[in-house]
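Subject: Structure handover

Hello,

Here is the structure I promised you. Please open it next to this email and follow along.

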Amino acid sequence: MNKRDKNLTISTFPTGIFLEVWRRYKRHKMALVCSFILIFLYLLMILAPWITPNPNQQDLSNRYSPPSLKHWLGTDELGRDFLARLIHGARVSLTIAFTAVLIALLFGILVGSIAGYYGGFIDNFLMRFVDIMLTLPELPLLLILAVLIGANFLTISLFIAAFSWMTVARLVRAEFLGLKKKEFIEAAIALGASSWRIIFRHLLPNSLAPVIVAATLGIADAILIESALSFLGFGVQPPTPSWGNMLTNAHDFLWRAPYLAIFPGLFIALTVLSFNYVGDGLRDALDPFLKE
Amino acid sequence: MGFYLKRRLLQTIPLLLIIAILCFILIHQTPGGPLSVYTFGRKIAPRDIERIKDSLGLNKPLYWQFFYWLRQVVFYGDLGYSYVTWQPVSKLIWERLPNTVILMFSALFLSILFAFPIGIFSALKKYSLFDYVATTFSFIGYSIPIFWLGLMAQLVFSVKLGLLPSGGVRTPGLPFNLLDRIKYLVLPSFVLALTFIASWSRYMRASLLGKLRENYVITARAKGLSEVAILFKHVLRNALIPVVTIVGLQLPLIFSGAVITETIFAWPGIGRLLFHALLRRDYPLIQGILLISSLVVILSNLLADIAYAYINPRIRYE
Amino acid sequence: MQPLIEVDNLKTYFFLNEGILKAVDGVSFSLKKGEVLGIVGESGCGKTVTALSILRLVSPPGQIVQGKVLFKGTDLITLKEEEMRKIRGNRIAMIFQDPMTFLNPSFNIVNQVSEVILLHQNVSKKEAFEKGVNLLEKVGIPRARERAFNYPHQLSGGMRQRVMIAMALSCQPDLLLADEPTTALDVTIQAQILDLIKEIQKETHSSLILITHNLGLVAGVSSNYVMVMYAGRTVEYGRIEQIFYHSAHPYTFSLLKAFPHLDQGSKVKFKPIKGLPPNLINLPEGCSFNPRCEWARKKCLKLAPKLVEIFPEHLVACHFPLLRSRPSSRS
Ligand SMILES: Nc1ncnc2c1ncn2[C@@H]1O[C@H](COP(=O)(O)OP(=O)(O)OP(=O)(O)O)[C@@H](O)[C@H]1O
Ligand SMILES: [Mg+2]
C-alpha cells in the first residue's frame with residue numbers, strides 16, 4: 001500500500017471509531033443486557049460437554065420426570081436430561097444460524113458489490129434476480145429442498161443462506177452506489193487503482209456499518225427459520241437435539257409435561273430477542289455511519 | 001397506472017417461468033423421475049416401462065417434455081396424480097385452497113387491524129408509556145417462533161382454559177355455522193398475525209413519524225386545519241405508501257407462516273397438505289403445491305402493487 | 001390608523017439538548033393595512049421562525065416564550081387554538097419557500113386550494129371547486145380547468161409556487177406572509193412570481209410581509225418598511241428610503257455594501273459579508289454582531305444595545321449608529 005493510498009483509507013476510517021461506537025452502544029440499555037445474555041449463552045455452549053450430562057443418555061425408567069435437583073428442567077419422553085439437551089441444542093441451532101449468515105454475507109456482499117460497482121446492465125440483472133428471490137415463498141421451498149437434497153448441518157445452513165443473502169446484497173449495492181460518487185473513491189479511480197482494490201480497500205470497509213447490523217438481525221431470522229424447519233421434522237434430525245426438533249412431538253406431551261414445550265420456545269425467543277436488541281443497539285451505535 | 005401495471009404484469013412472466021422450471025426440475029430430480037408414478041411400490045416389466053415412457057414422451061428431448069408439461073398445466077390444469085391417494089393433484093389442491101386463503105386473509109386483516117392503529121398511536125404519542133410498551137411488545141412478538149406461539153396458545157386456550165378448539169376448521173357433524181367457523185379460526189389466525197402485527201406496527205410508526213415532519217404538514221396547519229384532519233387527510237395517506245409496499249413484500253412470509261400454523265392447528269389447507277406430501281415424498285403433489293402457492297403469492301403481490309399504485313398518485317399518473 | 005398587526009418583543013426559543021436556541025429574541029414591528037414590510041437577514045437569523053410565530057405554528061422543541069402579536073387588536077399568542085385556526089389560512093395566510101415539499105404530493109392541486117375555501121367559507125363542495133379553479137386561473141395557471149386535477153409532481157416549480165399563492169389567496173386574507181417565495185425558483189420565473197404577488201397585494205389591498213435574503217426583492221415589491229434581523233433580533237427597522245440611503249446599523253451597512261447593484265434588482269443575489277453568522281445557542285456577549293463589526297468598541301463587547309428610535313419611524317439597535325457617514329447604496 002503506498003502512502004497516498006493509506007491516507008485515503010484512514011481519512012474515512014478514524015481510529016477512535018470503536019470507542020465511539022462502544023460509547024453510543026452503552027446507552028442502549030436493552031442491547032447491553034442482551035449482549036450479556038448472549039455471552040452467557042455462549043459460555044454455556046462452550047462449556048456444555050463438561051457441565052451437563054450426556055444429552056443422549058436415555059433412562060426409560062425415568063420418563064417425563066418433573067424438574068428436580070438432578071434434572072433441573074426434568075426429563076423428556078425418553079428420560080433424557082432436558083437442560084442438557086437444551087444447551088446442546090443451542091450449539092446446533094446457533095452454529096447453523098452463524099454458518100448460514102456467514103454464507104449469506106459472503107454471497108450478498110459479492111452480488112451487491114458487483115451490482116453496485118459495475119452498475120448498468122449487470123446491476124439491473126442482479127437486482128431483478130434479488131426481486132424474484134424476495135417474491136418466492138421461503139419456507140415451502142426450504143422444506144422441499146430439505147426433502148429433495150437431504151438435511152444435514154451444511155445443507156441446512158446453505159438452504160437458509162440461499163434465501164437470506166438478498167438484504168445484504170441490496171445494502172451493499174446501495175452503499176456502493178452512494179460511495180462511488182464520493183471524492184475519495186474518484187481519487188482512487190483517478191490514481192489508477194484496480195477494480196478489486198477499490199472494492200476491497202475503499203468501498204467495502206465503508207459499507208460495513210449497515211452490513212454488520214443486517215448480519216446481526218440475520219442471525220435472529222436464521223435461528224427462527226432453522227427452528228421452524230427442525231420443528232416440522234425436515235431440519236436437524238433426532239437424536240441430535242436442536243431447539244426446533246425438541247418441539248416436534250410437543251403435541252404429545254402438551255398434556256403430560258407442558259414445561260417440555262415451554263422451555264425450548266423460551267430459549268429460542270430469548271436468544272432471538274437478544275440478537276434483535278443487539279442489532280438495534282448496533283444500529284443506534286453505528287448511526288453516524290449509516291445512511292438512509 | 002395502466003403502464004405501471006402492465007410493466008408489473010410483464011415482470012411476473014420471468015418469475016412464473018422460473019417457478020415452472022423449478023417445478024419441472026423437481027419432478028425430474030425425484031428418485032425414479034416422472035416414471036415413479038407407475039413404478040412406485042410396484043414391479044413392472046422393463047418392456048412395459050419402455051411402453052409407458054414412449055406414451056408419456058419421456059424418450060423425447062427434455063425441452064419438449066418441459067413444454068408438453070407446461071401445456072398440460074396451463075391449458076388443462078393437469079398437475080398429475082398423487083402417489084399416495086391416486087387422486088388428481090389439482091383436485092386435492094382445489095379442495096384445500098379456500099381454507100388457506102381464508103386463514104391468510106383473516107391473518108392479514110387482523111395484522112392490519114391491530115398493527116396500523118398501534119403504529120399510529122405510537123407515533124402520535126412518541127416516547128409515551130404506550131409507545132414504550134408497544135415497542136417492547138413488537139420486539140418480543142417479532143422474536144417468538146410462530147410454531148411455539150401456536151403450541152402455547154393451544155396450551156392456554158384449549159388445554160388449560162378449554163375456551164377454543166385446538167385444531168380443525170369446524171365441529172364435525174355440525175351444519176355450516178359462521179360462529180362455529182370463527183371459533184376455529186381465532187387461534188390460528190391470531191397466531192399467524194402476531195409477527196406481522198409486531199413488525200408492521202413498527203413500520204407504520206416509523207413511516208408516520210417521517211411524514212409528520214414533512215413540510216406539507218406545516219402548510220396544512222397554516223391553512224387552519226385541525227390536527228385530526230391533518231392526520232387523517234394529509235399525513236396518513238402518504239404514510240401508508242411505504243407501509244403498503246412492505247405489506248406487499250411480506251405476503252410470501254404470511255404464506256410461509258400459514259404452512260406452520262396449518263400444521264399445528266390441523267387446518268386443512270395447502271400448508272398442511274404440503275407438510276403431509278413432504279412426509280410421504282408425494283412428489284407430484286409437492287410440485288403442484290409449489291406451483292399453486294407461488295401463483296397465490298405472485299397474485300397477492302400484484303394486488304399489493306395495485307393498492308400501492310392506487311394510493312400513490314405519482315404512479316397512478318405515469 | 002390603527003395598525004393591522006403589531007408584534008411586540010416576540011421571543012421564540014428552541015429548547016434543545018445542546019441548550020436554548022434563541023431563534024427569535026425580542027422582535028418588534030407593526031404594519032398598517034395595505035402596507036408592505038420586507039424582512040431581510042442572513043440565513044438562520046430567525047426570519048422563518050418569526051413568520052411561523054405570528055401564525056403560532058412553531059412546534060416543540062420550539063416555543064413562544066414571550067411577546068405579543070396584536071392582530072386587529074386581539075393578541076394571537078393567548079388566543080384559543082380553535083380561534084387561532086379560524087385565522088390561519090383565512091385572515092393570515094402564508095406562502096412557503098419550497099413549493100415542492102410544502103404541497104402534499106398525494107392530492108391534486110385544486111383539492112389543495114379548495115380545501116381552504118371549504119374550511120373557512122360556508123360553501124358547497126362544488127362551489128369550492130369552482131372557486132379553486134378560478135383562483136388557479138387567476139394566479140396564471142394556463143388551462144386551469146384541466147390542470148386542476150394535476151398533482152404537484154406534474155407541475156414545474158413556478159407553477160407549484162402559483163398553486164401555493166392561490167392557496168394563500170383563497171380567503172382574501174388581510175395579511176400575507178411570504179417566506180422567500182422565489183428562492184427555490186429559476187431566475188426568470190422569480191420576477192413573474194414576484195410581480196404576481198405584488199399585483200395581488202395591490203388588488204386586494206392586503207398587507208404583505210416579504211421575507212428574503214435579497215435586498216433587491218425588498219425594493220422590487222415596493223416595500224414601505226424594511227426590518228433587518230441579525231441573530232434573532234431586530235437590528236434596524238425603518239422606511240425603505242431610510243434603510244437604503246441612511247442605514248445606521250453597521251450590519252445593514254455591510255449588507256448594502258455587499259450588494260452592489262441594487263438597480264439590477266432581483267437578478268443579483270447578495271454576497272455574504274465577512275465572518276460567520278453566530279451560533280444562536282452561544283451568542284457572544286454584548287452586541288451579537290460585535291465579532292464581525294468594523295466599528296465595535298469596548299461597550300459593544302459588554303452591553304447588548306436596545307432598539308431605539310433615532311429618527312421618526314427609524315429604529316436601530318446599536319451603541320454607535322452610523323449617523324454622520326450617511327452612506328448611500330453606491331458608496
Ligand atoms: N425545528 C427547529 N428545531 C431546532 N432549531 C430550529 C428549528 N427551526 C429553526 N431552528 C433554528 O432557528 C434559527 C432560525 O431559523 P429560521 O428558519 O428562522 O432562519 P431563517 O432566517 O429563516 O433562515 P433561512 O434564510 O435559511 O430560511 C436557526 O438557527 C435554526 O437552526
Ligand atoms: Mg427561512
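Chain B carries 31 positive and 13 negative side chains. The centres of these two sets lie 6 Å apart. Keep in mind that this is a predicted model.

Stay with chain B for a moment. Its secondary structure comes to 13 helices and zero strands. Read along the sequence, then, the pattern is α-α-α-α-α-α-α-α-α-α-α-α-α. The C-alpha trace of chain B spans about 85 × 55 × 35 Å along its principal axes.

How much of chain B is buried? Of its 318 residues, 52% are. The accessible surface of chain B comes to about 15,200 Å². Carbon and sulfur atoms hold 69% of that surface. Now take the contacts in chain B with a separation of 6 or more. Residues 24 or more positions apart account for 73% of them.

You will find B:Ala277 in helix 11 of chain B, which covers residues 270-279. Is B:Ala277 buried or exposed? Its relative accessible area is 2%, so B:Ala277 counts as buried. The cut-off for buried is under 20%. Leave out residues up to four places away in sequence, and B:Ala277 touches B:Asp282, B:Leu285 and B:Ile286.

Next, how the chains meet. Two pairs of chains are in contact, and chains A and B share the most contacts. Chain A and chain C do not touch. The nearest C-alpha atoms of chain A and chain C are 16 Å apart.

Now turn to chain C, which has a sheet. As a reminder, strands of a sheet pair through backbone hydrogen bonds, either parallel or antiparallel. Which kind of pairing does this open sheet of four strands in chain C have? The pairing is antiparallel, and the strand order is 2-1-4-5. The edge strands are strand 2 (19-31) and strand 5 (74-75) of chain C, and each pairs on one side only. Helix 1 of chain C, residues 47-54, packs on the sheet. This helix touches strand 1, strand 2 and strand 4 of chain C. The direction of helix 1 makes about 115° with that of strand 1 of chain C.

Look at strand 1 of chain C, residues 5-16, and its two partners:

- Strand 2 of chain C: 10 bridges join it to strand 1, and the two run antiparallel. A hairpin of two residues connects strand 1 and strand 2 of chain C. In strand 2 of chain C, C:Ser30 is the bridge partner of C:Glu6.
- Strand 4 of chain C, residues 62-71: eight bridges join it to strand 1, again antiparallel. C:Tyr13 stands opposite C:Gln63 in strand 4 of chain C. C:Ile5 stands opposite C:Phe71 in strand 4 of chain C.

Last stop: C:Gln161. The place of C:Gln161 is helix 7 of chain C, residues 157-169. Why does C:Gln161 count as buried? Because its relative accessible area is 0%, and buried means under 20%. Setting aside neighbours within four places in sequence, the contacts of C:Gln161 include C:Ile95, C:Phe96, C:Gln97 and C:Pro99. C:Pro181, C:Leu185 and C:Ile193 are also in contact with C:Gln161.

Over to you.

Best wishes

Methods: Residues are numbered from 1 along each chain as its sequence is written. Chains are lettered from A and ligands numbered from 1 in the order in which they are written. This is a predicted model: local features need pLDDT of at least 70, side-chain atom pairs count only at pLDDT 80 or more; totals for chains, interfaces and linings use all residues. Side-chain values use heavy atoms; hydrogens and water are left out. Two strands pair if DSSP finds at least two bridges between them. Contact means heavy atoms within 4.5 Å. Axes are lines fitted to C-alpha atoms, for helices over the stretch in contact, and angles run from 0 to 180 degrees between N-to-C directions. Buried means under 20% relative accessible area, exposed over 50%, partly exposed in between (1.4 Å probe, protein chains only). Accessible areas come from the Shrake-Rupley method with a 1.4 Å probe; for residues, only the protein chains shown count as cover. Lys and Arg count as positive and Asp and Glu as negative; His and the chain ends are not counted. The place of a charge is taken as NZ of Lys, CZ of Arg, CG of Asp or CD of Glu.
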